[in-house]
Amino acid sequence: MVIFKTENLSFTYPKCSVRALDDVSITINRGDFVLLMGKTGSGKSTLLKMLKKELAPFGTVTGRVEDKSAHTGFVLQNPDVSFVAENVRGELAFAPENMKMSNDEIAVKIGEASSFFNLSDILDKRISELSGGERASVAIASAMMIDADAVILDEPLAQLDPKATMQVINLLKRVNEELGVTVIISSHTSEGIIDFCDRLVVLEQGRVLLNGAPDELKYNEKALEYFPLYTSMFDERPLTVKASIPLAKGLEEKKLQRGMPTSQSVVLKNITFAYGKNERDILSCLSFTAYEGKIHSIIGANGSGKTTLLKVIAGIKKAYSGKVKVNGTVSYLPQNPQYLFTKDTVGEEIDISAAEKFGLVDLLSQHPYDLSGGQMQKLALAIISKQSFDVLLLDEPSKGLDAFSKKSLISYLKNLAKGGKTIILVSHDLDFVGDVSDYVSFLSDSFITITGERRQVLSSLNYYTTQIRRITKSYLSCAVSAEDLE
């Protein structure tokens, strides 16, 4: 039975000559779990918003959208902008209160939702105190408080650590399988979803490129870039780590080449930092060294202090003990790229050469806030690229980027490093870390627990590691990326 249907749907944003959606016709049935993918700016967010008329963007529309859902919950790309209450209980109560439910009815709904979504222990916590995974769970629970029979999620996994990512995926799987709710999720990664979703829909330049069951599409060469890396490595096209492990037995790795450290460009000794006198230490007796012409990645759980560490290096936050030494000038890309936008159009923010380098030429007339999450990230990187710096600090630089854009970013960063720039980045995208880094540091319990060459560190970790390491750890000593394989 159909719950959503688009027929020849096209959409164009104001002052834009290129269609964001171009003749899109798809049918989604009740109870489906649909994974929506596509390159940065392919129209995913626009399509999702068109399925919920209250969020449909302003612009020129042709075609038709059919919505047979009773209630549709929607989780935005950045759930923080949708929170309206200070604590979890208030957030869950907001929608039922607007529906004029009684206090007793609201209490029952909160009790039921908090139990199902594992929120009972944090009901009275402030939302600002929650981890990334907890915030995502609260956003999903809030979207379901209206007895939704469908929930739409726009890039809910983009800023989550591996543990939180699996928690959210498993939660959505329960919502779909146990409650029969239709789930439509956009994502730049399919790992953990592709093996159980009913349908994969891929957009390219606003048009439907692929639409079908993963078991069928995995043999389509055009579709492979949207599957996990290990799917494309073997003729059997495995969809899970478990299925890939036996197939990886024949792989061989390159010999580990140890690089020589260069001059120190950033040195932190015994740094301690807290946001208030009576607050817990976010960083405690932390020491860290970054070398000139090298790419250093800092990984760790949501809330472990990675962003705070970058701010201390940048001088935005001042440690109350310890020493920070930085040789040269620093540029900083914050986690929210919008902080860098000061103009009314992309063309005012950057020149044509930067637009060409970062694939933004077709967007010069658009307002920066009208871009997709990935396009905003590209624009922020383009703005940073025009600055003069010796040390570049990047907070989640691959967030919202498709595989092709990530490869371009890796090439750009490696060229900067070859030119003598020091790059320090924070990321939850461990495959990106495995591909781009020279050195990796794991931040946990307010200090760096392990640091070293990327293959050494990522091969020593079981959970915070790459797809390649997970499928080869029984056979190979320290392969963590495709370039480490023979």
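This is a predicted model: local features need pLDDT of at least 70, side-chain atom pairs count only at pLDDT 80 or more; totals for chains, interfaces and linings use all residues.

Student: What order do the strands take in the open sheet of six?

Tutor: The order is 5-6-7-3-8-9, with mixed pairing. Strands are DSSP runs of E with at least two residues, helices are runs of H or I with at least four, and both are numbered from the N terminus. Two strands pair if DSSP finds at least two bridges between them.

Student: Which strands stand at the edges?

Tutor: Strand 5 (72–75) and strand 9 (207–212) do; each has a single partner strand, so one side of each lacks a neighbour in the sheet. The twist averages 15° from one strand to the next.

Student: How many bridges join strand 5 to strand 6?

Tutor: Four, and the two strands run parallel. Threonine 72 has alanine 150 in strand 6 as its bridge partner.

Student: What about the sheet of three strands?

Tutor: That open sheet has the order 11-10-13 and antiparallel pairing. Six bridges join strand 10 (residues 264–273) to strand 11, and valine 267 stands opposite threonine 289 in strand 11.

Student: Switching to helices. How do helix 4 and helix 5 cross?

Tutor: The axes of helix 4 (residues 132–144) and helix 5 (residues 162–179) come within 9 Å and cross at roughly 20°. Axes are lines fitted to C-alpha atoms, for helices over the stretch in contact, and angles run from 0 to 180 degrees between N-to-C directions. Helix 4 and helix 5 are therefore roughly parallel to each other, a term for angles under 35 degrees.

Student: Which residues meet there?

Tutor: Gly133, Ala136, Ser137, Ile140 and Met144 in helix 4 meet a set in helix 5 including Ala164, Val168 and Leu171. Contact means heavy atoms within 4.5 Å.

Student: Where does helix 4 lie on the strands?

Tutor: Helix 4 lies across strand 5 and strand 6, at about 160° to strand 5. Helix 5 also packs on the sheet, touching strand 3 (33–38), strand 6 and strand 7 (182–186).

Note on methods:
Residues are numbered from 1 along each chain as its sequence is written. Side-chain values use heavy atoms; hydrogens and water are left out. Angles under 35 degrees count as roughly parallel, over 145 as roughly antiparallel, 65 to 115 as roughly perpendicular and the rest as oblique.
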